[in-house]
Amino acid sequence: MKRSSAVPLFEGIAATTVHTDRLAANVLARSGQRTDRPAIVFVHGNVSSSLFWQPILLALPEDVTAYAVDLRGFGGSETAPVDATRGVRDFSDDVHSVVQALGLGAVHLVGWSMGGGANPGFVTALTEGDISRGNTLGPWAVYKGTYVSTGFTSEHEDTWVESMLTTATGEDNYPGNSMP
């Protein structure tokens with residue numbers, strides 16, 4: 001199940017759906033950015049989306065071309081089955097197909113995580129869209145306990161947790177299953 005919601009884009013960020021032969025992928029970029037330079041492509045980690053990259057996209061120098069891609073089943077990208085027997089190859093093939101569809105050529109890739117442990121309580125809270133701050137297994141607890149340092153606060157925390165809640169869950173997506 002994938003929770004649908006309005007995507008909280010920061011001022012100066014635009015979202016585009018890029019259609020490839022593999023999937024329809026959500027891609028963020030700075031509004032009006034240059035496209036005549038080698039690009040940086042940012043790829044989010046597990047249980048998040050491209051929304052986490054918005055402050056970095058906005059902080060880059062104007063002459064840098066940059067995109068942030070939502071992986072399948074995350075953020076605004078299409079929910080498609082993941083073949084766990086291929087490891088994370090479905091995700092890397094998807095990113096490659098987006099880079100090709102955008103006509104970017106060689107790019108610099110920046111990413112984090114994709115590992116991270118999943119526990120049944122967290123997946124249940126995620127599937128149910130539990131946004132309560134009191135659930136010790138819910139997205140807020142995972143965000144505060146594993147994404148940021150103790151005591152860290154940000155005016156964007158609601159956006160980060162909302163991003164986590166866009167993750168598609170189930171046997172064909174996150175956390176998947178171990179059967180071929």
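How many helices and strands are there in the protein chain? There are five helices and seven strands, where helices are DSSP runs of H or I with at least four residues, strands are DSSP runs of E with at least two, and both are numbered from the N terminus.

**View 1. The whole chain, in sequence order.** This is a predicted model, so local features need pLDDT of at least 70 and side-chain atom pairs count only at pLDDT 80 or more, while totals for chains, interfaces and linings use all residues. Residues are numbered from 1 along each chain as its sequence is written, and side-chain values use heavy atoms, with hydrogens and water left out. Going along the sequence, the pattern reads β-β-β-α-β-α-β-α-α-α-β-β.

**View 2. The open sheet.** Five strands line up as E1-E2-E4-E3-E5, with mixed pairing (two strands pair if DSSP finds at least two bridges between them). E1 (13-19) and E5 (107-111) sit at the edges with a single partner strand each, so one side of each has no neighbour in the sheet. From one strand to the next, the twist averages 30 degrees (axes are lines fitted to C-alpha atoms, and angles run from 0 to 180 degrees between N-to-C directions).

**View 3. E3 beside E4.** Residues 39-43 (E3) and 65-69 (E4) pair in the parallel sense over five bridges. Zoom in on Phe42 and you'll find its bridge partner in E4, Ala68.

View 4. Of the 180 residues of the protein chain, 44% count as buried, meaning under 20% relative accessible area with a 1.4 Å probe, protein chains only. For contacts (heavy atoms within 4.5 Å) with a separation of 6 or more, residues 24 or more positions apart account for 69%.

Notes. Buried means under 20% relative accessible area, exposed over 50%, partly exposed in between (1.4 Å probe, protein chains only).
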